[in-house]
Amino acid sequence: MEQGTIKRGNIYITAFIYRLDMGKKGQVTVFIIIGILLVLVLGITFFLVQKIASAKLQAKTEQPLALRKEPLQQAVEKCVQDSLERAVFFISGQGGYYQTPPPYFEFAVFKIPYYFDQQILAVPTTAEIEKNLAEFIVNDFAGCKKELAHFPQKITIDGEPKVQVSLFPATIRATVSLPLRLHLGEDIVTVDTFQAKLPSELSTIIEVRDLLLHEQEKYPAAVRLSELVQLAERRHLLFTLENVEGTVLYQLGGSPALPSELSNPELPNQKKLLFTFAIRYPWNEPLESSGEKLTGEEETENNEKVSEREELKA
């Protein structure tokens with residue numbers, strides 16, 4: 001019994017020692033897991049800290065570059081703005097054309113298109129006028145390139161400018177696409193899009209022009225002065241009519257103009273919008289020459305024509 005008891009005691013003691021050994025191994029395993037977790041946490045924390053520091057450093061490096069390209073952006077957009085103003089002045093002076101197709105009336109530096117001669121002739125649409133404005137800016141951009149040659153930093157120009165012009169009810173917008181590389185020491189910054197905006201009544205003037213020509217088509221031999229007055233008043237426009245060598249020049253815009261103002265594009269008032277076109281009327285002979293008796297309405301119309309003719313000749 002004692003021996004058995006001793007054995008049981010030994011067994012008990014052995015089992016107790018085994019439990020102690022297993023407890024120590026379990027504690028070691030827990031410490032290992034905790035250590036691994038700490039390493040992972042420290043590693044992730046270190047990675048995040050490095051990433052945030054790198055992002056801040058990159059932002060500090062890029063911010064001065066973005067600021068240093070602003071003078072170039074502003075200089076080119078100022079040039080585009082000036083070019084857009086010259087384009088609107090010139091294209092409006094030629095009735096919406098950059099290269100006026102015949103027939104046209106040469107006056108000063110302009111070739112003014114005939115919109116009407118017994119019938120409606122070629123008249124540029126809004127889309128065609130936008131295209132002509134863009135073409136003017138493209139050809140005028142050579143002056144901008146000369147100005148860039150004097151820029152403090154080196155500039156590399158890739159390709160030729162691409163211009164898009166859009167007419168809105170009270171605004172004209174121009175967008176120029178031209179990749180410019182600005183050299184800032186070892187860094188190179190690319191600037192490629194430039195915009196300009198100009199308050200303008202050109203879209204409204206085109207609308208009035210179309211309505212006027214529609215009325216003119218009904219009465220080919222008469223100046224539709226009353227309709228023009230009404231159309232201009234409704235849209236807050238001013239106009240002038242000038243009879244030059246039998247051709248009537250129509251000028252629509254936000255302010256009246258004299259023909260002398262058309263002759264010099266360098267005058268300070270060149271920014272006035274003067275949309276000009278010509279109409280030729282069959283005024284060589286009066287209506288009575290047909291020998292036919294005029295009705296009351298025809299006689300009234302004929303008297304109006306004679307009166308308008310005399311006013312334009314005066």
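How do helices H3 and H5 lie to each other: roughly parallel, roughly perpendicular or oblique? Before the answer, a word on what you are looking at. This is a predicted model, where local features need pLDDT of at least 70 and side-chain atom pairs count only at pLDDT 80 or more, while totals for chains, interfaces and linings use all residues. Residues are numbered from 1 along each chain as its sequence is written, and side-chain values use heavy atoms, leaving out hydrogens and water.

Let's start with the whole chain. It holds 8 helices and 9 strands; these are DSSP runs numbered from the N terminus, with helices being H or I over at least four residues and strands being E over at least two. Of the 314 residues in the protein chain, 34% are buried (buried means under 20% relative accessible area, exposed over 50%, and partly exposed in between, using a 1.4 Å probe and protein chains only). Among contacts between residues at least 6 apart in sequence, 63% join residues at least 24 apart, a contact being heavy atoms within 4.5 Å.

Now find the open sheet of 5 strands, with the order S1-S2-S9-S8-S7 and mixed pairing. Two strands count as paired if DSSP finds at least two bridges between them. Strand S1 (104–107) and strand S7 (238–244) sit at the edges with a single partner strand each, so one side of each has no neighbour in the sheet. On average, neighbouring strands here are turned by 30° against each other, direction ignored.

S1 and S2 run antiparallel, joined by 4 bridges, and they form a hairpin with 2 residues between them. In that turn, Ala 108 has a positive phi of about 55°. Phe 107 has Phe 110 in S2 as its bridge partner, and Glu 106 has Lys 111 in S2. In a regular strand, side chains alternate between the two faces of the sheet. S1 has a covered face with Phe 105 and Phe 107, and an uncovered face with Tyr 104 and Glu 106.

Next comes S2 (residues 110–117). Here 6 of the 8 residues are buried, so S2 is largely enclosed by the rest of the structure. On its way to S9 (residues 274–280) the pairing is parallel, with 3 bridges. Tyr 114 stands opposite Ala 278 in S9, and Asp 117 has Arg 280 in S9 as its bridge partner.

Helices lie across this sheet. H5 lies across S2, strand S8 (247–253) and S9, running at about 15° to S9. H6 (residues 225–234) lies across S7 and S8, at about 150° to S7. For these angles, axes are lines fitted to C-alpha atoms, for helices over the stretch in contact, and the values run from 0 to 180 degrees between N-to-C directions.

H5 also packs against H6, at an angle of about 160° with their axes 10 Å apart. That makes H5 roughly antiparallel to H6; the cut-offs are under 35 degrees for roughly parallel, over 145 for roughly antiparallel, 65 to 115 for roughly perpendicular, and oblique for the rest. Val 208, Leu 211, Leu 212 and Glu 215 in H5 meet Glu 227, Leu 228 and Leu 231 in H6. That contact divides into 5 nonpolar, no polar and 2 charged residues (Ala, Val, Leu, Ile, Met, Phe, Trp, Tyr, Cys and Pro count as nonpolar, Asp, Glu, Lys and Arg as charged, and the others, Gly among them, as polar).

Back to the opening question. H3 (residues 126–140) and H5 (residues 202–218) pack at an angle of about 140°, with their axes 11 Å apart, and are therefore oblique to each other. Thr 126, Ile 129 and Leu 133 in H3 meet Leu 202, Ile 206 and Arg 209 in H5. This contact divides into 4 nonpolar, 1 polar and 1 charged residue.

One last stop is Ala 196, in strand S6 (residues 187–199). Ala 196 is buried, with a relative accessible area of 6%. Leaving aside residues up to four places away in sequence, Ala 196 touches Glu 77, Val 80, Gln 81, Leu 84, Ile 172, Arg 173 and Ala 174. Of these, Ile 172 is 24 residues from Ala 196 in sequence and 8.4 Å away in space, C-alpha to C-alpha.
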